[in-house]
Amino acid sequence: MRKASRLFEIIQILRLAKRPVTAATIAERLEVTTRSIYRDIAALQAMRVPIEGGRGIGYILRPGFDLPPLMFSIEEMEAIVLSLALLERTGDSELKQAAKRVGAKIAGAVPAPLRQTLEANALHAWGFAAPSASAIDLALVRRAIRDEEKLDLSYRDEQGRPTQRIIRPIALIYYAETANIVAWCELRQAIRNFRSDRIEDCQATGLWFKGEGDQLRQMWVNGWEANTLAGGG
């Protein structure tokens with residue numbers, strides 16, 4: 001970890017701590033020596049960061065001190081750059097536009113060295129972008145997941161047979177070639193995956209499943225884990 005990133009992380013640790021934190025504890029979290037932490041804290045104090053305490057009793061950050069908004073380490077900025085690049089590969093046009101707005105906001109708010117990381121164009125998400133799901137608005141699906149609203153799907157199964165489903169959407173999985181809606185299917189009375197490229201129409205119903213989303217997601221996760229442990233992939 002670069003020294004600048006380490007100083008930032010020390011401030012974050014102390015800022016979130018409810019009681020004094022020893023140098024040994026900080027060193028263990030950052031995977032450096034205790035001696036390095038002593039030097040780093042001395043450097044922060046020299047920069048007038050209000051850290052109080054000492055060896056053996058721990059350190060605290062005096063109330064009232066905070067970091068500027070949108071202050072990221074180099075590694076965190078690289079994670080943001082790559083995440084935004086990955087969003088460009090989805091077929092969700094609303095998310096792609098949102099990613100561009102996020103990049104512009106961050107570039108306008110962070111210090112110059114971090115802005116250079118954002119604009120350097122050195123990190124890429126390679127591969128084909130997923131085609132847009134022309135028959136379905138994925139933004140509608142995401143809102144339905146958040147609001148716990150049922151959706152009415154006109155769907156074709158693997159054999160191409162048309163079927164009508166009322167679903168309770170709980171998750172959206174983006175793959176390179178398509179997006180999958182994970183939902184409780186009221187027809188099958190089970191959790192099913194619906195490929196966006198097989199959906200011919202999708203409409204909000206005005207019907208709700210308030211308070212059930214978390215329980216259904218846990219059921220889905222438990223089923224996936226059980227299937228994996230059983231060798232089902």
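Is Pro63 buried or exposed, going by its relative accessibility? I began with this residue in the predicted model and found that Pro63 counts as exposed at 78% relative accessibility, where exposed means over 50% relative accessible area, buried under 20% and partly exposed in between, with a 1.4 Å probe and protein chains only. I placed Pro63 in the loop between β2 (58–61) and α4 (74–87), and I noted that Pro63 and Ile51, twelve residues apart in sequence, are 9.7 Å apart in space, C-alpha to C-alpha.

Ground rules. I keep in mind that this is a predicted model, in which local features need pLDDT of at least 70 and side-chain atom pairs count only at pLDDT 80 or more, while totals for chains, interfaces and linings use all residues. I also keep to residue numbers that run from 1 along each chain as its sequence is written, and to side-chain values that use heavy atoms, with hydrogens and water left out.

Whole chain. I looked up the secondary structure and found eight helices and seven strands in the protein chain; these are DSSP runs numbered from the N terminus, helices being H or I with at least four residues and strands E with at least two. Of the 233 residues of the protein chain, 37% count as buried. For the accessible surface I noted about 14,100 Å², of which 53% belongs to carbon and sulfur atoms, the areas coming from the Shrake-Rupley method with a 1.4 Å probe and, for residues, with only the protein chains shown counting as cover. Among contacts with a separation of 6 or more, residues 24 or more positions apart account for 58%, a contact being heavy atoms within 4.5 Å.

Helix α1 against α3. I found that the axes of α1 (residues 3–16) and α3 (residues 34–46) come within 10 Å and cross at roughly 80°; the axes are lines fitted to C-alpha atoms, for helices over the stretch in contact, and the angles run from 0 to 180 degrees between N-to-C directions. That makes α1 roughly perpendicular to α3, since angles of 65 to 115 degrees count as roughly perpendicular, under 35 as roughly parallel, over 145 as roughly antiparallel and the rest as oblique. Lys3, Arg6, Leu7, Ile10 and Ile11 in α1 meet Ile37, Asp40, Ile41, Ala43 and Leu44 in α3. I sorted the residues of this contact into seven nonpolar, no polar and three charged, where Ala, Val, Leu, Ile, Met, Phe, Trp, Tyr, Cys and Pro count as nonpolar, Asp, Glu, Lys and Arg as charged, and the others, Gly among them, as polar. I also listed the buried residues of α1, which include Arg6, Leu7, Phe8, Ile10 and Ile11.

Helix α2 against α3. The axes of α2 (residues 23–30) and α3 come within 8 Å and cross at roughly 110°, and the two helices are therefore roughly perpendicular to each other. I found the contact to be made by Ala23, Ala24, Ile26, Ala27 and Leu30 of α2 and by Thr34, Ile37 and Tyr38 of α3. By class, this contact has seven nonpolar, one polar and no charged residues.

Backbone angles. I recalled that most residues other than glycine have a negative phi. Arg48, although not a glycine, has a positive phi of about 70°; I found Arg48 in the loop between α3 and β1 (51–54), exposed with a relative accessible area of 78%. Glu148, likewise not a glycine, has a positive phi of about 60°; Glu148 lies in the loop between α7 (138–147) and β3 (149–156) and is buried, with a relative accessible area of 12%.

Two further residues. I looked up Pro162 in strand β4 (residues 162–174) and found that Pro162 counts as exposed at 59% relative accessibility. Leaving aside its neighbours within four places in sequence, Pro162 is in contact with Tyr155 and Arg156, while the C-alpha atoms of Pro162 and Ile199, 37 residues apart along the chain, are separated by 9.6 Å. Last, I placed Ala98 in helix α5 (residues 93–109), where Ala98 is partly exposed with a relative accessible area of 22%.
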